[in-house]
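Trainee: I am new to this structure and would like to know what the terms used for it rest on. Please show it to me first.

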Amino acid sequence: MQHLQAAARAHTNIALIKYWGKKDQNLILPMNSSLSLTLDKFYTDTFVEYLPNLHGDIFFLNGKQKVDPKIKIFMNLIRQVTGLNVYAQIKSTNHVPTAAGLASSASAYAALSLAATAAAGKIYSKTELSRIARRGSGSATRSVFGNFVEWVAGNDDQSSYARPVKIMNDWDIRMVAIVVDSRPKKISSRSGMQTVVETSPFYHSWVKTANEDLKNIKKALKNGSFETFGTIAESNALKMHALNLSASPHFNYFEPQSLVAMNAVEDMRTQGVQCYYTMDAGPNVKVICKNKDLDVILEQLHRYFPSDHLFVAAPGPGVELLNN
Ligand code: ADP
Ligand code: DP6
């Protein structure tokens, strides 16, 4: 009998134009298109094996058995898509802190999409895989591809998918993740963004401005203006965080050290170093820069943060099968 098993690796991605709100919670259709960079440093490895004697899916994360309702819903979708009606044992390892704003759900569901479909004997195109991954976690749709990636918002299941964005510059980009706190956040991305959609008086303006930011950042990626690129990314992240401050009840993901990191980046800029920050649903700050400026940036950041809290990432690859 065919071995119904497969393993896959997917890298995390950090959005430069954020996804922060859904127009369809079941299909996970975003309110606006987004753009991200897949990172080589952080990833998830997931092994899936379908076992005919199981009475439910079993999920292990980092060696510990977990009950996660999202896994059950997602594996039911995989069974519907592949036509294989068998439960699975899933073993996943995060080489990234879980639920800390470093995009573990993105690498997690991209890896699970490929491993679970390949184990069922099905091979899908990357575009199809990105649609499947989207149903696990929105940001996972982008981790199917490497480097710069756009998630086209679309209006239905078919039209909402990720695609690679061609770069025409020689920036040799890097992202420094400043890990301020690697513990799980109190408010998940899923619930934070929903609160904002339902209650922020500024939500309508966010969608408009995010679409403009996307158009302009894609132009900057093409014509090579790193300053424009970084400025748009930084202000887009701050607009996302401003939504959280304007929600009811209001909430935020900042910690004192997040502000120290942001101010350090702004100070470096006034000294002529080209660097910009972004921050997701968690207190950890990521600094966007060119490889040539990395040494001076790390030296400055070391004044505030120990070196084992600083992780340098380069553009990473899309999801791939592992030999198991
Ligand atoms: P993050 O900033 O890490 O993406 P989220 O709140 O968006 O935080 O997502 C974290 C959630 O993603 C976890 O609570 C869990 O449900 C899911 N998750 C994280 N890692 C894995 C994994 N390796 N396999 C399956 N699900 C995972
Ligand atoms: C701030 O993709 O984790 O990182 O679709 O509900 O699973 P769900 O949310 P998720 O949210 C990511 C939010 C973000 C911005 C982004 O990655 O675009």
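This is a predicted model: local features need pLDDT of at least 70, side-chain atom pairs count only at pLDDT 80 or more; totals for chains, interfaces and linings use all residues.

Mentor: Start with the pocket. On a 1 Å grid over the protein atoms alone, a pocket is an open set of points with protein on both sides within 12 Å along at least five of seven lines, whereas a cavity is a set of points where a 1.4 Å probe fits but cannot get out; lining residues have an atom within 4 Å of a point. A molecule sits in a cavity or pocket if more than half of its atoms lie within 2 Å of its grid points. Ligand 2 sits in the largest pocket.

Mentor: Residues are numbered from 1 along each chain as written, chains are lettered from A and ligands numbered from 1 in the order written, and side-chain values use heavy atoms, without hydrogens and water.

Trainee: Which residues come nearest to ligand 2?

Mentor: A residue is near a molecule if one of its heavy atoms lies within 4 Å of it. Around ligand 2 there are 17 residues, of which Tyr-19, Lys-22, Ser-137, Gly-138 and Ser-139 come nearest.

Trainee: Why is ligand 2 said to lie between domain 1 and domain 2?

Mentor: Domain 1 (4-168) and domain 2 (173-313) both give residues to its shell, so ligand 2 lies between them. The domain bounds come from an automatic or database assignment.

Trainee: What supplies the shell around ligand 1?

Mentor: Strand E5 (58-61), helix H1 (69-82), strand E7 (88-95) and helix H2 (104-119) each supply at least two residues, and H2 gives the largest share, four. Helices (H or I, at least four residues) and strands (E, at least two) are DSSP runs, numbered from the N terminus. For polar contacts, a nitrogen atom of ligand 1 is 2.9 Å from an N or O atom in the Asn-94 side chain, and an oxygen atom is 3.1 Å from a polar backbone atom of Ser-105.

Trainee: What makes the backbone at Pro-249 and Asn-62 worth a remark?

Mentor: Most residues other than glycine have a negative phi, and most peptide bonds are trans. The peptide bond from Ser-248 to Pro-249 is cis, with omega near 0°, and Pro-249 is in the loop between helix H7 (226-245) and helix H8 (256-270). Asn-62 has a positive phi, near 50°, and lies in the loop between E5 and strand E6 (64-66).

Definitions and conventions:
A polar contact is a pair of N or O atoms within 3.5 Å; within protein, one must be able to donate a hydrogen and the other to accept it, and residues adjacent in sequence count only if both atoms are side-chain atoms.
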